[in-house]
Amino acid sequence: MSSSAVMVDIRGVHKSFGAHEVLRGVDLQVRASEVTVVIGPSGSGKSTLLRGINHLEKLDRGSVSIDGELVGYRRRGDKLYELKEREILRRRTRIGFVFQNFNLFPHLTVLENITEAPVSALGRSRSQATVRARELLARVGLADKERAYPRQLSGGQQQRVAIARALALDPRVLLFDEPTSALDPELVGEVLDVIKDVARAGTTMIVVTHEIGFAREIADTVVFMDDGLIVEQGPPEQVLDHPRQDRTRAFLAKVL
């Protein structure tokens, strides 16, 4: 890793659903302006880890800090206490999240989808948020779609709007949960191109994906998860081309 400061600091994270332990002690650090790509089989805990980072899932044990600030909790002595919902929402604005199923508001136009959070959560003026939204729509190639509704867009266009919406909050870190898994194959490329552009701009990113070629191209660090644990992590040329762990090799043999 580079010598830049740690932006995302995940320590000792555990999460269970009933008797099923989904995360079993995850430690991960992501440095500012770097891209970490998380791969692994279904059910390995990848999406739960992402949702824990921005407190959409409450962790059973462990902590997550973004730029030195705890997410979802405050520390008093050696104990963590959950914050009130308003403060959780404030801290969550520092973390952009792009879901696999877009999660756009169907009753709002494209422009309204992007301006809603900056106005309501950050207190920006409507005109200021609109200027920024139009800049982002141009960046993702959808400047002509601001008045359209989500139902009038292809899946790839909806996902590009979702990326613009996440960027509108100027987040410290951007999380992607399988951003192409809900798309028809011919639409995957247009979304991956936008994500690459965001990465080149120096945005700190954690991307959960099954697109191994994309991981090789974009990642500073590749993390392989299985059974709620990080099995292996390192530069893409090491993890993807010369994996050290038998479990990583077995997984890659099936997907490459």
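**Notebook: a first look around the chain**

I began with charge: the protein chain carries 36 positive and 34 negative side chains, and the centres of the two sets lie 6 Å apart. Here Lys and Arg count as positive and Asp and Glu as negative, with His and the chain ends not counted; each charge is placed at NZ of Lys, CZ of Arg, CG of Asp or CD of Glu.

A note on what I am reading: this is a predicted model, where local features need pLDDT of at least 70, side-chain atom pairs count only at pLDDT 80 or more, and totals for chains, interfaces and linings use all residues. Residues are numbered from 1 along each chain as its sequence is written, and side-chain values use heavy atoms, leaving out hydrogens and water.

Next I looked up the secondary structure and found nine helices and twelve strands (DSSP runs numbered from the N terminus: helices are H or I of at least four residues, strands E of at least two).

Then I checked burial, and 52% of the 256 residues count as buried (under 20% relative accessible area, with exposed over 50% and partly exposed in between, using a 1.4 Å probe and protein chains only).

I zoomed in on helix 1, where six of the eight residues are buried; they are K46, T48, L49, L50, G52 and I53.

After helix 1 comes H55, with a positive phi near 70°.

Last, I visited E178, a non-glycine with a positive phi of about 45°. E178 lies in the loop between strand 9 (173-177) and helix 6 (185-200), and is buried at 13%.
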